Amino acid sequence: MLPKTYRARLIIYSLLLISFLASALIYTYHYARDLILEEASNNLSSAVKMHNTYLEKDIANLERTAKLISNNQLMQEYLNLANINGDSAPLQRLLNERFSWLADEEKVVISKQGKLLVGAEHHRLATEVSNHNPLLRQEQTFYLQLNSLEFVIIEPVSYRGEVIGALALSHPLQHNWREWHMQYEGGDIFMAKDKQIVFSTAPQ
């Protein structure tokens, strides 16, 4: 039953109006927040998929290149020759001339005795490759932080059914896609492998 006085009714109507407006504002806030969070989540998911696509493409190209070189007959013969007489000059010339289009990739070649034949100027890469037991009969991959984040692939080289050495290629991964992300998306990039962060643009 409503109060009989005008003042009491005005107070009640005012309280009801305030309650309605407060409820409407709270509902609008939560609805707008959910929409913003959903949109941000969708944008972030799209950015992750895009970056993963770029990375997968780069990695697949490097894997194909490593197999192409390791399966090259001259590569196998020159590496075998270097194992016998210790002369790696023909092998170095082959890589420089036949595969000169690999300008961005650092190259390291290890003999079957574990000796560094090509790539002495890439000291950090050569050291990491040696630490990964490069003479296994299977492909190996890992990330390496040099001047930029680099993806490294180690491909065994076989000659007449025997592993006679290994080729390692390193390719920088953080190129224009990183700058694009920072310019248009903002935020930091985290890359993980085996549940461990291997690279981040976040301040240390």
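What pattern does the protein chain follow when read along the sequence? The answer is α-α-α-β-β-α-β-β-β-α-β-β, built from five helices and seven strands. Helices here are DSSP runs of H or I with at least four residues, strands are runs of E with at least two, and both are numbered from the N terminus. This is a predicted model, in which local features need pLDDT of at least 70 and side-chain atom pairs count only at pLDDT 80 or more, while totals for chains, interfaces and linings use all residues. Residues are numbered from 1 along each chain as its sequence is written, and side-chain values use heavy atoms, with hydrogens and water left out.

Taking the chain as a whole, 34% of its 204 residues count as buried, that is, under 20% relative accessible area with a 1.4 Å probe, protein chains only. Among contacts (heavy atoms within 4.5 Å) between residues at least 6 apart in sequence, 49% link residues at least 24 apart.

Helix 1 covers residues 6-70. With 65 residues at 1.5 Å each, it should span 96 Å (the expected span being 1.5 Å times one less than the number of residues), and its end C-alpha atoms, 95 Å apart, agree with that. Buried residues of helix 1 include Ala-47, His-51, Leu-55, Ile-59 and Leu-62.

Next come helix 2 (residues 73-85) and helix 3 (residues 89-98), whose axes come within 9 Å and cross at roughly 160°. Axes are lines fitted to C-alpha atoms over the stretch in contact, and angles run from 0 to 180 degrees between N-to-C directions. The two helices are therefore roughly antiparallel to each other, the label for angles over 145 degrees. Helix 2 brings Leu-74, Met-75, Tyr-78 and Leu-79 to the contact, and helix 3 brings Pro-90, Leu-91, Leu-94, Leu-95 and Arg-98. Sorted by class, that makes eight nonpolar, no polar and one charged residues; Ala, Val, Leu, Ile, Met, Phe, Trp, Tyr, Cys and Pro count as nonpolar, Asp, Glu, Lys and Arg as charged, and the others as polar.

Then there is strand 1 (residues 106-111): five of its six residues are buried, so the strand is largely enclosed by the rest of the structure. Strand 1 runs antiparallel to strand 5 (residues 162-172), joined by six bridges, and pairs in the antiparallel sense with strand 2 (residues 116-118) over two bridges. Pairing takes at least two DSSP bridges. Ile-110 stands opposite Ala-166 in strand 5 and opposite Leu-116 in strand 2. The hairpin of strand 1 and strand 2 has four residues between the strands, and Gly-114 there takes a positive phi near 85°.

Notes:
Buried means under 20% relative accessible area, exposed over 50%, partly exposed in between (1.4 Å probe, protein chains only). Angles under 35 degrees count as roughly parallel, over 145 as roughly antiparallel, 65 to 115 as roughly perpendicular and the rest as oblique.
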